[in-house]
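Here is a briefing on one protein model. Keep the sequence and the 3D view side by side as you read.

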Amino acid sequence: MILKDRFESLCSNLTQDKDLIEKFWTEIEKNYSGKNRHYHNLQHLETLFEEIEHVKDKIKNFNTISFSIFYHDVIYDATSKLNEEKSADLAKERLEILGLNNEDVQQIYEQILATKSHKKSDDEDTNFLLDADLSILGKSPQVYLEYTKQIRKEYSIYPDFLYKPGRKKVLQHFLELENIFKTEYFKNKYESQARENIEFELRSL
């Protein structure tokens, strides 16, 4: 399903105001299509939806996780340390206007914040979101290499002597985790390849 249709059908459960839905979709599309978005773009959202489709039967609240996907990187600035907080705030604001109940809004808010540290959650839906978000780490070496180039472009404002130590720190953090992936499904699917990819990138930095 294309992203716009998916977003519209999610929102149509909440409101019949087509102009409002259109306005919020346009905002998402515009943000994810920014000229500095080489990786955190609409393609990234499509990948996440493809990944969670495989585990749809295991997800308790698919609508909630879907909204979290749409909004989790809606604000993305490579120089900022507050992207997740700002994205969560925007999601909360928009979803309240759409009329989503407080409990779901709060869950989405927390799911988006969880993408900052990627720590294992007590909420299994959140773990599926986090794993889908990191699924790129376990893709084929060719796909992974392309991803590393896209990330480098997003951080092109930083010279290598600043970028490389920061990137190393992120990668080493992943390797130090007992498991990069929190759910059995994603662990089985991507864990070993992710570790190989990360170790390969670390050697090249």
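Buried means under 20% relative accessible area, exposed means over 50%, and partly exposed is in between (1.4 Å probe, protein chains only). The model is predicted: local features need pLDDT of at least 70, side-chain atom pairs count only at pLDDT 80 or more, and totals for chains, interfaces and linings use all residues. Residues are numbered from 1 along each chain as its sequence is written, and side-chain values use heavy atoms, with hydrogens and water left out.

**Salt bridges**

- The structure holds 14 salt bridges (a side-chain nitrogen of Lys or Arg within 4 Å of a carboxyl oxygen of Asp or Glu).
- Glu8 bridges to Lys4, with the closest N and O atoms 3.9 Å apart.
- Both Glu8 and Lys4 belong to helix α1 (residues 3-12), four residues apart, about one turn of the helix. Helices are DSSP runs of H or I with at least four residues, numbered from the N terminus.
- Glu8 counts as partly exposed because its relative accessibility is 27%. Lys4, at 29%, is also partly exposed.
- Lys4, Glu8 and Glu22 are linked in a salt-bridge network.
- Glu53 and Arg6 meet through their side chains in a salt bridge, 3.3 Å from N to O. Glu53 lies in helix α3 (residues 42-53) and Arg6 in helix α1, so this pair ties together parts 47 residues apart in sequence.
- Glu53 is partly exposed at 34% relative accessible area, whereas Arg6 is buried at 11%.
- Glu201 and Arg167 form a salt bridge at 2.8 Å, N to O. This pair links distant parts of the chain: Glu201 is in helix α10 (residues 184-204) and Arg167 in helix α9, 34 residues apart. Both Glu201 and Arg167 are buried.

**Aromatic rings and charges**

- The whole structure has 14 aromatic pairs. Rings of Phe, Tyr and Trp (its six-membered ring) pair if their centres lie within 6.5 Å; planes under 30 degrees apart count as stacked, over 60 as edge-to-face and the rest as tilted.
- Tyr155 and Tyr163 make a tilted pair, 6.0 Å centre to centre with 45 degrees between the planes.
- Tyr155 is partly exposed at 23%; Tyr163 is buried at 9%.
- One aromatic cluster is formed by Phe7, Trp25, Phe49, Phe67, Phe70 and Tyr71.
- Arg152 lies over the face of Tyr163, 4.1 Å from the ring centre. A charge sits over a ring if NZ of Lys or CZ of Arg is within 6 Å of the ring centre and within 35 degrees of the ring normal.
- The charged end of Lys56 sits over the ring of Phe62, 4.5 Å from its centre.

**Largest pocket**

- The largest pocket has about 1,200 Å³ of space. Its 34 lining residues include Tyr76, Glu84, Lys116, Tyr155 and Val170, the closest to its centre.
- On a 1 Å grid over the protein atoms alone, a pocket is an open set of points with protein on both sides within 12 Å along at least five of seven lines; lining residues have an atom within 4 Å of a point. Grid points are joined across faces, edges and corners, and a volume is the space filled by probe spheres set on the points.
- Helix α9 gives the most to the lining of the largest pocket, with nine residues.

Conventions:
1 Å grid on protein atoms, 1.4 Å probe; cavity = no way out; pocket = protein on both sides within 12 Å on 5 of 7 lines; lining within 4 Å. Helix = DSSP H or I, 4+ residues; strand = E, 2+ residues; numbered from the N terminus.
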